[in-house]
Amino acid sequence: MTIRSLRSTAATTSRTAVAAFAAMLFGSFILYGVGFAQPQQIHDAAHDARHSFAFPCH
Amino acid sequence: MDLIRRLFSAALVAGVLSGTAVSVVQQVTTVPLILEAEKYEVTVPVAPPPAAAAPTSPPAPAATGHEHHGHAAPERSLGEGVPTTAEEALNRVMTTVAANLLTGVAYGLLIAGVMLLIGERVDARRGLLWGAAGFFAFALAPAYGLPPELPGMAGAQLEARQLWWIATAVCSAGGLLALAFARPPALLAAGVVAIVLPHLVGAPHPEAPAGAVPPELAAHFVSASLGGAALFWAILGSATGFMLNRIVGGDDFDDDFE
């Protein structure tokens, strides 16, 4: 590993972690809404997709 | 912020591509089976004696724990779930497509975030491997304990199944990541344990399976669901890998030294 890549690794570690966790957090949030949330309207809208993706639906 | 934007646009592109593809496949594979199964999802006998038409009549055993519309319509007639007007049918297709696109973007964000954390180079080919791992963790492993269900099939309590599903997906994904990227033997062993453990614990199942859906439909649905998921994950993984090719793995920093 070069000195420059070491330095840039150190400088970008926190930036990388923040971006990665932001993406994963937001992704989990959407996934929960589409696949698991139980309010009737969300359930009905996502119904066929939930069954097709094999999320527990009922 | 730039990195976040690139991650999100990668997930958006990959999610829309995979969600669109799986939507097309679903409409000719799983959705017709769901509509067919809903014909068996009735709460009272099809031709009830006059007294049974009262709204207070108890639901048939096959329908317990399986209410689509709460208690508002206890005397559903055969096939009521099937859309009757073109507008209803279109609406149902559109919401399903929207849910598929959102699912694609959501999984895209998860896989892009993990790709970035791991920090190994990715491209379309390696992304395909990531997609295969996603298929294993989020489709095959959960389905091994909780087979994809049609409406009208008997299942254990919903919350218990959701919990097992999520735990299995997380354990399987973590286990696969350990097997793929960890070096210490202890971590590799932990990866195997994480993958196997949910199945040793066992998925929650109903005490007595008493679904009303014909087994032929249910069996067909399982393979259709897993096949669609395989296509979805193949596209999602390779598209995410392609989109993150220049971003993950340090290309931007190391290029001028190679």
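Residues are numbered from 1 along each chain as its sequence is written, while chains are lettered from A in the order in which they are written.

**Confidence.** I recorded an ipTM of 0.85 and a pTM of 0.83 for the model. Helices here are DSSP runs of H or I with at least four residues, numbered from the N terminus. Among the elements of chain B, helix 6 has the highest mean pLDDT (98) and helix 8 the lowest (48). Residues 51-79 of chain B have a pLDDT below 50. Where pLDDT is low, the predicted coordinates should not be read in detail.

**Contact between the chains.** I counted two residues as in contact if their C-beta atoms, placed from the backbone, lie within 7 Å. Chain A brings 32 residues to the contact and chain B brings 49. Helix 3 (86-118) of chain B gives the most to the side of chain B that touches chain A, with 17 residues. By class, that side of chain B has 30 nonpolar, 15 polar and 4 charged residues. Nonpolar means Ala, Val, Leu, Ile, Met, Phe, Trp, Tyr, Cys or Pro; charged means Asp, Glu, Lys or Arg; the others, Gly among them, are polar.

**Helix 2 of chain B.** Which residues of this helix are buried? I listed Thr30(B), Val31(B), Leu33(B), Ile34(B), Ala37(B) and Glu38(B) as buried, that is, with 20 or more other C-beta atoms within 10 Å of their own.

**Nonpolar cores.** A nonpolar core is a set of buried Ala, Val, Leu, Ile, Met, Phe, Trp, Tyr and Cys residues joined through C-beta atoms within 7 Å. The largest has 61 residues, and Ala106(B) is one of those that touch the most other members. Helix 3 of chain B supplies the largest share of this core, 12 residues. Leaving aside neighbours within four places in sequence, Ala106(B) is in contact with Gly27(A), Ile30(A), Leu31(A) and Val34(A). I also found a second, separate core of 11 residues, including Ile34(B) and Tyr40(B).

Methods. Predicted model: local features only at pLDDT ≥ 70, side-chain atom pairs only at ≥ 80, totals over all residues. Helix = DSSP H or I, 4+ residues; strand = E, 2+ residues; numbered from the N terminus. Buried ≥ 20, exposed ≤ 12 C-beta atoms within 10 Å, placed from the backbone. pLDDT = per-residue confidence, 0-100.
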